[in-house]
Amino acid sequence: MESVRTAFGAGASVEADTVVAAQAACRQAENTCAGPVDLAVVFVSPHHAEQLDEAAAVVRECFVPRVLLGCTGEGIIGGEQELERQPAVTVWVARMPGVALTPFHVSFQRTAEGLGVDGWPDDMPADPTPVFVLLAEPFSTPGTEFLSFLEQRVPGALAVGGMASGGRGPGQNRLLLDGVVVEEGVVGVALTGDVRVVTVVSQGCRPIGERFLITKAEENIIYELGGRPAFTCLQEMYAALSPEEQEMARRGLHLGVTINEAKAEFERGDFLVRGLMGADQNEGSLAIGDLVNEGQTVQFHLRDRETASEDFHWLLETQRRQLEGVQPEAALLFSCNGRGRRLFGRPHHDVTAVRAHLGGLPVSGFFAQGEIGPVGGENFLHGFTASV
């Protein structure tokens with residue numbers, strides 16, 4: 001008997017009726033991946049949130065997946081389109097013989113010992129190291145702490161995914177695991193076995209000015225850079241910018257923090273980019289959106305639509321070359337809800353870039369309230385990022 005080959009498919013629909021939309025998306029996905037599948041993913045816009053179980057029922061009837069994941073997204077990515085601020089459903093399916101899937105739903109509570117995680121599978125594989133696809137509810141999930149938990153349980157595992165979006169408060173986002181819809185925590189699946197997963201994480205920024213060594217800091221507050229007040233270093237860097245760059249800096253300035261200080265030279269991808277949250281001129285300090293340590297190297301970064309586009313295209317093309325002729329078969333795309341038309345001023349930017357560099361492959365995804373992806377070999381929760 002001929003072995004069942006690897007196959008992937010994706011489809012999307014903007015029909016207002018949830019069942020009709022899910023059926024249409026499934027028909028498109030069937031064009032390249034019909035019959036029972038191993039993994040299916042469905043993302044729906046907030047318009048379909050209350051009927052996510054109905055969309056799941058359609059997908060389960062059509063594909064009989066071993067594992068079905070899903071969530072709500074402010075905008076939906078499917079096929080060749082980014083469907084923003086309108087009803088939309090996308091379905092992505094994968095047949096992967098030789099791949100073990102371990103699904104889970106975890107929830108969190110605070111204990112005297114710290115973060116408590118309920119629902120973690122006792123049989124989670126660790127050898128070979130799995131790759132995780134994670135969908136999280138932002139109001140109930142301590143994202144950075146959960147990724148630290150993941151690293152402790154499965155050291156070295158890569159994780160990609162995003163925070164569900166579209167809801168304005170707790171209980172308004174939806175997650176899906178198989179036929180069960182939940183409103184909190186994380187749903188995910190670990191993949192192990194005969195599958196190769198590669199990632200691209202574009203933080204959409206470019207470095208400006210010189211690099212500095214943090215010489216005095218506490219938690220997320222930087223007091224000194226190279227032995228000088230951090231605010232003074234910021235002022236001098238700003239004064240050296242062009243008028244156009246100064247305008248971009250006023251709209252949003254970021255700080256890149258090195259991940260691996262052992263490297264001899266730092267380049268694109270070696271900095272974890274975090275937002276500059278505030279400054280105190282009197283004490284000369286800067287506050288950023290993450291914890292920092294003395295001895296880390298930092299550099300200021302700018303973000304704009306041209307930089308974000310160039311960075312994403314460059315990283316995708318670099319990844320394509322590193323594949324050395326191996327053709328990717330499918331992609332999941334988790335793009336920040338601050339990208340899309342808001343950032344680029346035109347539709348379909350990120351999905352078009354993926355398909356331009358990696359081929360006309362099946363793509364599904366959504367605009368997230370936080371994106372999960374590895375930088376420098378470590379998993380982080382990002383903002384304004386595209387994680388593929």
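Asp 350 is buried, and its relative accessible area is 0%, in a model that is predicted. Because buried means under 20% relative accessible area, a value of 0% places Asp 350 in that class. The side chain of Asp 350 meets the side chain of Arg 339 in a salt bridge, with a distance of 2.8 Å from N to O. Asp 350 belongs to helix H8, whereas Arg 339 sits in the loop between strand E23 (331-336) and helix H7 (340-344), so the pair ties together parts that are 11 residues apart in sequence. Arg 339 is buried too, with a relative accessible area of 0%. Elsewhere, salt bridges with shared partners join Glu 50, Arg 174 and Glu 183 into one network.

How many of the 10 residues of H8 are buried? Seven of them are, so the helix is largely enclosed by the rest of the structure. The buried residues in H8 are His 349, Asp 350, Val 351, Ala 353, Val 354, His 357 and Leu 358. After H8 comes Gly 359, which has a positive phi, near 100°.

## The whole chain

The protein contains eight helices and 27 strands. Taken along the principal axes, the C-alpha atoms fill a box of roughly 70 × 50 × 45 Å. Of the 388 residues in the protein, 55% are buried.

## Two further salt bridges

In total, the structure holds 14 salt bridges. One of them is formed by the side chains of Arg 355 and Glu 80, at 3.3 Å from N to O. This pair links distant parts of the chain, since Arg 355 is in helix H8 (residues 349-358) while Glu 80 is in the loop between strand E4 (75-78) and strand E5 (81-84), and the two are 275 residues apart. Glu 80 has a relative accessible area of 54%, and because exposed means over 50%, Glu 80 is exposed.

An α-helix has 3.6 residues a turn, so residues three or four places apart point the same way.

Which residues form a negative surface patch? Glu 15, Asp 17, Asp 53 and Glu 54 make up this patch. Asp 17 is found in the loop between strand E1 (7-13) and helix H1 (18-30), and with a relative accessibility of 44% it counts as partly exposed.

## Backbone details in the loops

Val 64 is not a glycine, although it has a positive phi of about 50°. This residue is placed in the loop between helix H2 (52-63) and strand E3 (67-72), and at 53% relative accessibility Val 64 counts as exposed. Glu 219, likewise not a glycine, has a positive phi of about 55°. The loop between strand E16 (212-218) and strand E17 (221-225) holds Glu 219, which counts as exposed at 56% relative accessibility.

Another backbone detail is the peptide bond from Asp 127 to Pro 128, which is cis, with omega near 5°. Pro 128 is placed in the loop between strand E8 (114-118) and strand E9 (131-136).

## Ala 249 and His 301

Ala 249 is placed in helix H5 (residues 243-251), where it is buried with a relative accessible area of 10%. How far apart are Ala 249 and His 301 in sequence and in space? They are 52 residues apart in sequence, and their C-alpha atoms are 8.6 Å apart in space.

Notes: Residues numbered from 1 in each chain as written. Predicted model: local features only at pLDDT ≥ 70, side-chain atom pairs only at ≥ 80, totals over all residues. Heavy atoms only, no water. Patch = residues over 30% accessible without salt bridge, like charges linked within 9 Å, V, L, I, M, F, W, Y side chains within 5 Å. Areas by Shrake-Rupley, 256 points an atom, 1.4 Å probe, with all protein chains shown as cover. Salt bridge = Lys/Arg side-chain N within 4 Å of Asp/Glu carboxyl O. Lys, Arg positive; Asp, Glu negative; His and termini not counted. Charge placed at Lys NZ, Arg CZ, Asp CG, Glu CD. Helix = DSSP H or I, 4+ residues; strand = E, 2+ residues; numbered from the N terminus. Buried < 20%, exposed > 50% of the residue type's maximum accessible area, 1.4 Å probe, protein only.
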